[in-house]
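The stops below are meant to be selected one after another.

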Amino acid sequence: MCGIVGYVGKQRAVSIIIEGLKRLEYRGYDSAGVCVLQGGQLDVAKKAGRVEVLAKEAARHRFNGTTGIGHTRWATHGGVTDANAHPHVSSDGKFALIHNGVIENYSQMKQFLVGKGYTFASETDTEVLCNLIAYHYAKEPVGQNGGSRFVECVRKSLQHVEGTYGIVVLGVDFPGEMVAARKASPLILGVGDGEYIIASDASALVSRTQNVVYLKDGEIVHITPAAFSITTLDQEDVSPVVDRITWSVADADMGDYAHFMEKEIFEQPQALENTMRGRFSEDGSTANFGGLNITAAELRQIDRFLFCACGTAWHACLVTEHLIERFARIPCEVDYASEFRYRNTPLHSNTLFFVISQSGETIDTLAALREAKRKGYKALAINNVVGSTIAREADGGIYQHVGPEIGVASTKAFTSQLMVGAMVALYVARLRDMSFSDGVQYVKALKGAPALVRKALEQAPHIRAIAKRFAGYHDMLFLGRLSLFPLALEGALKLKEISYIHAEGYPAAEMKHGPIALISEKCPSVFFAPAGEIFPKIVSSMQEIKARKGPVIAIITEGCELPPGLADEVITIPDCHEAVLPMVAAIPIQLLSYYIAVERGCDVDKPRNLAKSVTVE
Ligand code: M6R
């Protein structure tokens, strides 16, 4: 949540910062601002609204300086106003600061600072921290070494802060310098050719450099045009490790698509290939994972899995639960990360704990991981963003390798999580009861998934026509059973978040225990009705809806036949192995939600009130 960018180098900072903010806008987009240090002043432009609005405002300023910071906001404290937009400048004009996170004890600090004569122009927690830095500096403005004095003031201030932060600070007395620090909010330092860019994520800097340092919690970086150094809050020196980003700026571009979400939906066959690459055994009967950091012998001892995640990733956990129990015959539980972190869940010593997170920065998921580790359990992560906090703190894990996912609505990351879950189920099953030949069948099925997903994507024009017909409704139900019940939840979430239509997901048979009261000609139901023993039961549920005049959209697998007139619309997807079915079934609900949102004129990639990566509680 919130995107932050800082630049120190030889170029005009404002252009690089605004370009970076455009790429980070998916993290928050209610207001944006920039501050450039020039002519001995901290010159700020900030506006409520999108980065485009800021770009126009910035054009009116004569920003020529080569050191600057910028921010795109997802509001926590204080409404969406120009004044509450970042950067914030201390009331003495000495420091400017951008912040991602929440300062929990800001009101005590504010009281203290008001008593010292500091004034406030906004309702934000961030402005308090900025004034606190100014206060520490005012107490002792001249130090032995100008640069480290800057760091010391930031360090002293952060020692009083409770909460989370990724911050970047400019000081009027420190031209060409920048100090940044993090606790629970991501920050990456790009090490360029005679320049440094610090940002919330790599998409903002990859056009200038692929060499990066992932800052860790409790670290402070001091940047000048010539060098950077990292220390901890406790004043220990840190030797930085420079990593290389494996993707390029082209991966974070929209290409010819209308939206990132559309691009990412259509990228799924390739994304699934990337997730599987190099991860099957030579004999083709099981999966291999390089970074799992758990031996086969240890895995054989596991008698319970616990998966935690949020949102779409939580739905991926539910599908994985189904596959692990079905194929590996090991009990598996799923919890919301936000609940697990506060519940004192008893964990048995042979429990294996997993989190799933696309971003690897979701604060609740990170807290759940830390809680499991604190209790002494091995905690593994399935995660897309290389070098993310969750990836670094987990005891081991599996990268999804699907490249940057920019659309706020998760699509390719979801199907890739389903693929990883299916592979974990296979791996564990083969360590237990699954036969060699069943393993070979399973692997063949997974390898065939990209082609089947591609085939499902061919339904796009048909689904677009259905979307036109249903875009005007206010409520919708999504119904499925077994491994497709989580897909019903996912369909409802996708539709809600990007089209603002109220939607609910239910197990199809559960519908008659309450939700059926909603059914009328005004409330359509989307049914997953794949071939198999459950098919006739799902058809009965459809009949119950139809008897109450509810419109029905049926997603069936090839070869299934519905009684004539039962469904108002039918979408046919390829029939496939149980482990692959959820990946293929995801396509029609993603496309339906996407086209409905487009039809309603919604801002698909930046839905209201949302942000891609939820780094606050
Ligand atoms: O980055 P994560 O996978 O941890 O994110 C979890 C959720 O915030 C995320 O899946 C969210 O629900 C998406 N907007 C769903 O499309």
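How many disulfides does the structure hold? It holds zero disulfides, a disulfide being a pair of cysteine sulfur atoms within 2.5 Å. Select cysteine 35, which is in no disulfide; the nearest cysteine sulfur belongs to cysteine 130 and is 9.1 Å away. Before going on, note that this is a predicted model, in which local features need pLDDT of at least 70 and side-chain atom pairs count only at pLDDT 80 or more, while totals for chains, interfaces and linings use all residues. Residues are numbered from 1 along each chain as its sequence is written, and side-chain values use heavy atoms, with hydrogens and water left out.

Stay on cysteine 35: it is buried, with a relative accessible area of 0%. Buried means under 20% relative accessible area, exposed over 50%, and partly exposed in between (1.4 Å probe, protein chains only).

Now select helix 1 (residues 13-24) and helix 2 (residues 51-60), whose axes come within 10 Å and cross at roughly 170°. Axes here are lines fitted to C-alpha atoms, for helices over the stretch in contact, and angles run from 0 to 180 degrees between N-to-C directions. Helices (H or I, at least four residues) and strands (E, at least two) are DSSP runs, numbered from the N terminus. Helix 1 and helix 2 are therefore roughly antiparallel, the word for angles over 145 degrees. Show the side chains of Val14, Ile18, Leu21 and Lys22 on helix 1, and of Val51, Leu54, Ala55 and Ala58 on helix 2: these residues make the contact (heavy atoms within 4.5 Å).

Move to the loop between strand 4 (67-73) and strand 5 (88-89), where proline 87 sits. The peptide bond from histidine 86 to proline 87 is cis, with omega near 0°.

In the loop between strand 20 (396-399) and helix 13 (412-431), pick histidine 401. Its phi is positive, about 60°, although histidine 401 is not a glycine. Is histidine 401 buried, partly exposed or exposed? At 40% relative accessibility, it counts as partly exposed.

Finish with lysine 549, in the loop between helix 17 (535-546) and strand 24 (552-557). Phi of lysine 549 is near 70°, a positive value in a residue other than glycine. With 59% relative accessibility, lysine 549 counts as exposed.

Definitions and conventions. Parallel < 35°, antiparallel > 145°, perpendicular 65-115°, else oblique.
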